[in-house]
Amino acid sequence: MSLLVLGTTALDSIKTPHAENPRLLGGSASHAAVAASFFTTPHLIGAVGDDFPRKYINLYRKHGLNLDGLQQLSGQTFHWSGEYEQNMNNRRTLDTVLGVIENFSPTLTAAQTRLPYVLLANCAPDLQANVLDQMRRPKFVVADTMDLWLNIARAPLLKLLPRLDCLVLNDSEAAQLAEEDNPIAALPRIHKLGPKYVIVKKGEHGAILSGPRGLFVAPAYPLKKVVDPTGAGDSFIGGLMGHLTSQKGSIEKNLRSALIHGTITASYCCEAFGLKKTTKIKKADITKRVRELSKMVKW
Ligand code: AMP
C-alpha cells in the first residue's frame with residue numbers, strides 16, 4: 001500500500017522573534033511527504049523551478065520518496081515567506097510567489113492513479129481537484145487547505161469537499177469555512193459540506209477528530225521549546241496518512257492511532273527551522289514519543 005502526496009515543494013524564508021532563515025526547503029508536500037516517509041513510500045506530485053537546489057532533491061531521495069511525479073520546470077520555485085510573533089501561534093504571510101506551481105497541471109502515470117491513499121496537501125483547490133479527477137477508486141482521500149484558498153478560491157474548494165473522506169484544517173479556518181466561531185459547533189456544518197471525517201488542528205492545544213464514532217481529542221506533545229512551527233500542520237497530516245497507509249484493517253479502527261502518530265511527527269518539526277529536525281530523526285524517535293504521550297493521557 002502506498003500514498004500519493006500532492007502539494008507545494010517550496011523554498012521558505014522564515015522569520016521568528018529569535019532568528020531568520022532564507023530559502024529553506026519547505027512546502028506542504030515536502031513536509032507531508034517526509035513525515036509520511038517514516039511509515040510508507042510517499043509518491044510526491046509537485047513542481048520545482050530551475051532554482052531548486054539539488055541537495056534538496058537528494059534529501060527527498062534519502063527519505064525514500066518516489067520522485068516520478070516531481071517535475072522540474074523552467075521558472076521560479078514556489079516561494080513563501082512568513083514572520084512569527086512572540087506568540088508563535090500568530091504568523092503573518094509576508095509574500096507568496098506561486099512560480100512554476102501556478103500553471104502546474106500534472107498528468108499521473110497509470111501506477112500513480114492506482115495508489116489507494118491520497119493526500120491532497122495544501123495547494124490550490126483546482127490543482128487538488130485535477131489530481132483527484134485522475135485517481136481510480138482511492139480508498140481514502142484527505143485534503144488540507146488554508147485561509148488564502150478560503151479567501152480566493154472558496155467555490156472550487158466547496159466543490160471539492162463532497163469528494164473527500166476527510167478534511168483537515170485549523171480552528172480559524174474551520175470558523176471561516178463554517179461561518180461559526182466555535183470549532184465544535186462548526187464541525188456538523190463542515191460535515192454537511194461533504195467530508196465524513198473532519199480534523200480541526202488547534203496548534204499547541206492539539207487536534208480534534210470528528211467522525212461517525214463521535215469526537216476524539218488528541219493533545220499536542222508538550223514541547224519545552226518551539227523554534228519554528230512552519231510545516232507542523234503538513235507534518236501532522238503526513239504522519240497521519242503515512243501511518244494509516246501502513247496499517248491493516250479498517251480506517252475507522254486505525255484513524256485515532258494515526259492521528260497520534262501525526263501529532264508526534266509534527267512535534268519534531270517544531271523543534272528546528274524548516275525540515276532540519278524532521279530529516280534527522282528516526283522512526284524509533286516517533287515511537288518513543290508516542291509511548292510517552294499515551295502515558296501522559298492515561299488515568
Ligand atoms: P503550515 O505551517 O503547516 O501551515 O505549512 C507551511 C508550509 O506551507 C510552508 O512550507 C509553505 O511553503 C507552504 N505554504 C504556504 N502558503 C501556501 C499556499 N498558499 N499553498 C500551499 N502551500 C503553502
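This is a predicted model: local features need pLDDT of at least 70, side-chain atom pairs count only at pLDDT 80 or more; totals for chains, interfaces and linings use all residues.

Biologist: Which residues line the largest cavity?

Modeller: Tyr197, then the run Leu209, Ser210, Gly211, Pro212, Arg213 and Gly214, plus Glu252, Leu255 and Arg256. Strand 12 (207-211) and helix 10 are the elements that give two or more residues to that lining.

Biologist: And what volume does the largest cavity have?

Modeller: About 60 Å³.

Biologist: How many cavities of 30 Å³ or more does a search of the whole structure find?

Modeller: One.

Biologist: OK, open sites now. How much space lies in the second largest pocket?

Modeller: About 160 Å³. Its lining has six nonpolar, two polar and three charged residues.

Biologist: Which residues line that second largest pocket?

Modeller: Leu24 and Leu25, then Lys55, Tyr56 and Leu59, and finally Phe273, Gly274, Leu275, Lys276, Thr279 and Lys280.

Biologist: Which element gives the most to the lining of that pocket?

Modeller: Helix 2, with three residues. Strand 3 (20-26) and helix 2 (54-62) each supply at least two.

Biologist: Switching to helices. At what angle do helix 9 and helix 10 cross?

Modeller: Roughly 140°, and the axes come within 7 Å. Helix 9 covers residues 232-246 and helix 10 covers residues 251-269. Because of that angle, helix 9 counts as oblique to helix 10.

Biologist: Is the crossing of helix 9 and helix 10 left-handed or right-handed?

Modeller: Right-handed. On the helix 9 side, the contact is made by Ala232, Ser235, Phe236, Gly239, Leu240, His243 and Leu244. Helix 10 brings Ile251, Asn254, Leu255, Ser257, Ala258, Leu259, His261, Gly262, Thr263, Thr265, Ala266 and Cys269.

Biologist: How do the residues of that helix 9 and helix 10 contact divide by class?

Modeller: There are 10 nonpolar, nine polar and no charged residues.

Biologist: What about helix 1 and helix 9, at what angle do they pack?

Modeller: About 40°, with the axes 7 Å apart; helix 1 is residues 28-36. That angle is why helix 1 is described as oblique to helix 9. Helix 1 passes helix 9 in a right-handed crossing.

Biologist: Which residues in helix 1 and helix 9 meet?

Modeller: Ser28, His31, Ala32, Ala35 and Ala36 in helix 1 meet Asp234, Ser235, Gly238, Gly239 and Gly242 in helix 9. By class, this contact has three nonpolar, six polar and one charged.

Biologist: Last pair: helix 7 and helix 8. Where do their axes come, and at what angle do they cross?

Modeller: The axes come within 9 Å and cross at roughly 50°, with helix 7 at residues 171-178 and helix 8 at residues 183-192. So helix 7 is oblique to helix 8.

Biologist: Left-handed or right-handed, that crossing of helix 7 and helix 8?

Modeller: Left-handed. Helix 7 uses Asp171, Ala174, Leu177 and Ala178, which meet Pro183, Ala186, Arg189 and Ile190 in helix 8. That contact has six nonpolar, no polar and two charged residues.

Biologist: Great, that covers my list.

Conventions
Residues are numbered from 1 along each chain as its sequence is written. Side-chain values use heavy atoms; hydrogens and water are left out. Axes are lines fitted to C-alpha atoms, for helices over the stretch in contact, and angles run from 0 to 180 degrees between N-to-C directions. Helices (H or I, at least four residues) and strands (E, at least two) are DSSP runs, numbered from the N terminus. Angles under 35 degrees count as roughly parallel, over 145 as roughly antiparallel, 65 to 115 as roughly perpendicular and the rest as oblique. A crossing is left-handed if the near helix is turned anticlockwise from the far one by less than a right angle, and right-handed if clockwise. Contact means heavy atoms within 4.5 Å. Ala, Val, Leu, Ile, Met, Phe, Trp, Tyr, Cys and Pro count as nonpolar, Asp, Glu, Lys and Arg as charged, and the others, Gly among them, as polar. On a 1 Å grid over the protein atoms alone, a cavity is a set of points where a 1.4 Å probe fits but cannot get out, and a pocket is an open set with protein on both sides within 12 Å along at least five of seven lines; lining residues have an atom within 4 Å of a point. Grid points are joined across faces, edges and corners, and a volume is the space filled by probe spheres set on the points.
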